[in-house]
Amino acid sequence: MMYLYLAALAASANATTPALPPALADDDSSAATDQSDIVVTADPVRRIENAPSTTVTIDAERIATTINAVSIEDTLKYAPSLIIRKRSIGDNFAPIATRTSGLGSSARSLIFADGVPLSALIANNNGNGSPKWQLVSPEEVAKIDVLYGPFSAAYAGNSIGTVVNITTRLPDKLEAQATLLFNNQWHTQYTTRLSLPTGQASASIGDRFGRFAFFTSITHTVSNAQPIAYVTAAAAPAGTTGSIATFNRLGAPIRVLGASDIDHHVQDTIKLKLAYDLTDNLRASYVLGVFLDSSQARLDSYLRDAAGAAVYTSGFNSGLYLREQRHFIHGATIDGHASRIDWQLAGSLYDYATDTQSSPTAALPNAFTSGAGTVQRQDGTGWWTLDAKGALRSGRKDSNGIDANVLSIGAHADRYTLQSQTYTTADWIGGISGARVAASLGTTRTFALWVQDAWRFAPGLVVTLGARQEWWRAANGFNQTSAINPGIAQPVRTANGFSPKATLQWQPGPSWTFKASLGQAWRFPTVGELYQATIVGTVLANPNPNLRPERARSAELAAAYHDANGSIRVSLFNEIVDGALISQTGPLAVVQPNGTTLTTTASFVQNVQQTRARGVEVAVDRRDVISNVDLSGSVTYADAITAENPVFPSSVGKLLPSVPRWKANAVVTWRPVQRVSLTAAARYSSRNFATLNNADIFADTYQGFDKYFVVDLRGTFRLNRHLDVALGIDNVNNDRYFLFHPFPQRSVTASLHWTL
């Protein structure tokens, strides 16, 4: 029966030959041994989902020892194949690029904190589709599990790239801690010279009283970022000096007129976690998160007139803004377990209670103090999710005492809402909203049923078969693209998808694991892809509400050696996506201010007929390679290309956007004495591209995608059982590179951590 199932799955993949995915610090729940920093837990959710995917686990000790982590996304920067686009401290838009998907594919990853989704599946981009990392702090993390590939039926098709499960602590006794952190970045580019300090203070307290436990924390951050954008033009304005000659990413000569989007953030994150053991086998828990952000961006014009006064063009306006955010997240869970059964009911709600951004349209420099502008409001955007899941164990054990059969089932429902509206205002700094000039509204909802069975049918052999059926609906779509345009009501869309999964694992002995996995996954369009208006020049164009879902067919082969000192893994991966949703050039209908429709050529989200990504990863994670020295690292090669694309033929055979051929990292930690650890780490990525046809030939420029090699250092010192000091330097070698935006240059971090 196993062979028939695999054959059927291969047939659904058009009999493509699988090559297969990565592994480092593999956390194999069936392995006989594991590393001290590879935490194997028996929490109910993990037992229920019983995911067969390749998994990397990062625990709290590793984070504290090896990573200059100012915010939670920093903790993943040395994980195999992942790139986190964190442009600066305080950045609210930090998506994950995976081994087969780029930085603009945020909806191909799922991020959870204690089962509550942080993934913003309202879009698939590196803007409002980025995960809500801000609602978790590094200090509260117990461990982070990173799952690779869509091989578990417990997860939606958005798991094509990765699933990140963050598990935070809940105390068993009184605990309290506080951290003071300071960071400074020195940024030099063109004629911008900046020293950019950041300060952060955080504190938490938790305790248990009988059956009741609580944990509460607050983090306050004041940060200053390097320029996120540069203003460029084909030529400098007449009568000005100071512009800088360079090239745009297509190789055409341009002038850099100045820096913009120089952000200053004041952020607060407040968390409350409560748990009550109703019985010895039944727990109810609740989590509340509040995120507050007040941001303002400033400008640095290089242009000067004859009198030496700064000159601004209209291109500077979009880089000057005020942003206010007040977001709430709620999660409620009931967990139960018995001798052979685990079950869970969980619900979550994420609410954009306040989310506004205002920018001037009036001419600068007068607009610095007042003047006409626009206000974009996303108030009312958000999502809710519901999950019911359970696992039944057979009661029979194999020779290692592991359940011979585990049957897991689940049901899922969600609703994602986009409310994005733009208004005119007479005073962009504090004025009231006027006429609505643009609107992108809509909802998507999904219902899913899944089942998965893990059967140990022979010594050392486990087969995991699963399937997921999903029903998707998009509705309430509405777009307005100008003040005089009454708007367009978009059609209702429905689709469904069936996703079979299969994994065969063989452990011939205590030190070796071999695994083969096949999986199909449907990734349905986000509400933003369907209904978020597209900017063409200075005109808003209606989006395409008829996008089809992506179908991914993925395969993985992996061989791992593991012992008491760690693991070594070699993995092969292959992924074919039909109808990949990627921004590309094509004909687009633009509604003009006079109500007429003009068909033009623009870049916007479309279905690419087929993409293909395959490659190999080698990952090492070893403790005490020599006395008191630990080493981890990975090297990934990916050949990710457009395979078929009649709409844009010149893209065929070219690398997919922001998926480099080579990615690598290495971390070395030395513990000269018990209370001291010294770490050196490096990250590398080869040249990659922004466009499907790889026409962006010049990488060292704003909007280019360059290679980079970054070296980081960290030292931690335990002064006594209550106090720890950490000193770190990121980008020691001061590599200046662009991934569309300029990325951080050399920065120093110092922190003092107190524990009760």
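The lining of the largest cavity divides into 16 nonpolar, 15 polar and eight charged residues, where Asp, Glu, Lys and Arg count as charged, Ala, Val, Leu, Ile, Met, Phe, Trp, Tyr, Cys and Pro as nonpolar, and the others, Gly among them, as polar. This is a predicted model, in which local features need pLDDT of at least 70 and side-chain atom pairs count only at pLDDT 80 or more, while totals for chains, interfaces and linings use all residues. Residues are numbered from 1 along each chain as its sequence is written, and side-chain values use heavy atoms, with hydrogens and water left out.

About 580 Å³ of space lies in the largest cavity, and of the 39 residues lining it, Asp74, Lys77, Lys86, Arg683 and Pro744 are the closest to its centre. A cavity here is a set of points, on a 1 Å grid over the protein atoms alone, where a 1.4 Å probe fits but cannot get out, and lining residues have an atom within 4 Å of a point. The second largest cavity holds about 250 Å³ of space, and its lining comprises seven nonpolar, 12 polar and four charged residues.

The side chain of Ser440 reaches the backbone oxygen of Tyr531 at 3.3 Å.

Methods: Polar contact = N/O pair within 3.5 Å; in protein donor to acceptor, adjacent residues only side chain to side chain. 1 Å grid on protein atoms, 1.4 Å probe; cavity = no way out; pocket = protein on both sides within 12 Å on 5 of 7 lines; lining within 4 Å. Points joined across faces, edges and corners; volume = space filled by probe spheres on them.
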